[in-house]
Amino acid sequence: MRINKYLSGCGIDSRRKCEKLIIDGRVRVNGKTVTELATDIKDSDSVEVDGHLVSSAQRKIYIMLNKPKGCVCTVNDEKGRKTVLDLVKINQRIYPVGRLDYDTEGLLLLTNDGDLTNKITHPKNTVKKTYSVRVEGEPTAAELKRLRGGIEYNGVKYNGAEISVVGAENGETKLLMTITEGKNHEIKNMIESLGRRVLFLKRVAIGDLRLGGLSRGEWRYLNARETDYLKSL
């Protein structure tokens, strides 16, 4: 098995991030530092990351967090800001599946299953993510049609989104938007392309897995039915 896949399967991180660990010289096999991504791992090999022995027998963990505003989706933050792991404190090593912006809230998954992380976050798998969005003003039918058809903004192309209008009041409009790419600031940039601002953004679903019953900052383990569903995506 290739070393990046092995490390990901041990719950270290996603395959792409495991590749960086290897390139940075932080991985040793049978006592020797390896930097070649083509390295194959056998069952009898001893593998270490940062001096800690890793094992493919590590129990897989799947957690849902209702991420509040004011924390970042990283394991450590160089600016000293609160991270999602300050909210989810367990003994096992886990990491967020993808990310939500600092001022975005809602459904965030955390796991030590690198294969699942890759499945959910890789754009080619087109896993749907649904957001509750409050925008400035009232987008016209023509503007919503643009968003549904896909746009280009600041040199970046964004695929079309599924959009439904929930309601409008006090100079604001509430939308439900479903996207599949997960590009950086995707929804905010799509709305800004209309000359409008996003006032509130919350992820409410990944596929058919919905956020419900958790207050801001609360978390829970996924049940077997939910984890089986995510693996089937």
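In strand E7, the bridge partner of proline 96 is leucine 110. This pairing belongs to a predicted model, in which strand E6 (residues 95–96) and E7 pair in the antiparallel sense over two bridges. E7 itself covers residues 105–111 and is joined to strand E5 by six bridges, the two strands running antiparallel. Within that pairing, leucine 65 stands opposite leucine 108, and tyrosine 62 has threonine 111 as its bridge partner. E7 is also joined to strand E13 (residues 198–206), here by two bridges and in the parallel sense. E7 is mostly covered, with seven of its seven residues buried.

Strand E5 (residues 62–67) is likewise mostly covered, and six of its six residues are buried. The side chains of Tyr62, Met64 and Asn66 point one way from E5, while those of Ile63, Leu65 and Lys67 point the other way; all are buried.

Serine 132 lies in strand E8 (residues 129–136). This serine is buried, with a relative accessible area of 9%, a value that falls under the 20% cut-off for burial. Leaving aside residues up to four places away in sequence, serine 132 touches Lys174, Leu175, Leu176, Phe200, Leu201, Lys202 and Val204.

The cysteines were examined next. A search of the whole structure finds zero disulfides. For cysteine 71, the closest cysteine sulfur is that of cysteine 73, at 6.3 Å, which is too far for a bond, because a disulfide requires the two sulfur atoms to be within 2.5 Å. Cysteine 71 is buried, with a relative accessible area of 0%. Cysteine 18 is also buried, with a relative accessible area of 0%.

For the chain as a whole, six helices and 15 strands are assigned. The C-alpha trace spans about 65 × 35 × 35 Å along its principal axes. Of the 233 residues in the chain, 46% are buried. Among contacts in the chain with a separation of 6 or more, 63% are between residues 24 or more positions apart. The accessible surface of the chain comes to about 12,300 Å², and carbon and sulfur atoms account for 45% of that area. The chain carries 41 positive and 31 negative side chains, and the centres of the two sets lie 1 Å apart.

Key:
Residues are numbered from 1 along each chain as its sequence is written. This is a predicted model: local features need pLDDT of at least 70, side-chain atom pairs count only at pLDDT 80 or more; totals for chains, interfaces and linings use all residues. Side-chain values use heavy atoms; hydrogens and water are left out. Buried means under 20% relative accessible area, exposed over 50%, partly exposed in between (1.4 Å probe, protein chains only). Helices (H or I, at least four residues) and strands (E, at least two) are DSSP runs, numbered from the N terminus. Two strands pair if DSSP finds at least two bridges between them. Contact means heavy atoms within 4.5 Å. Accessible areas come from the Shrake-Rupley method with a 1.4 Å probe; for residues, only the protein chains shown count as cover. Lys and Arg count as positive and Asp and Glu as negative; His and the chain ends are not counted. The place of a charge is taken as NZ of Lys, CZ of Arg, CG of Asp or CD of Glu.
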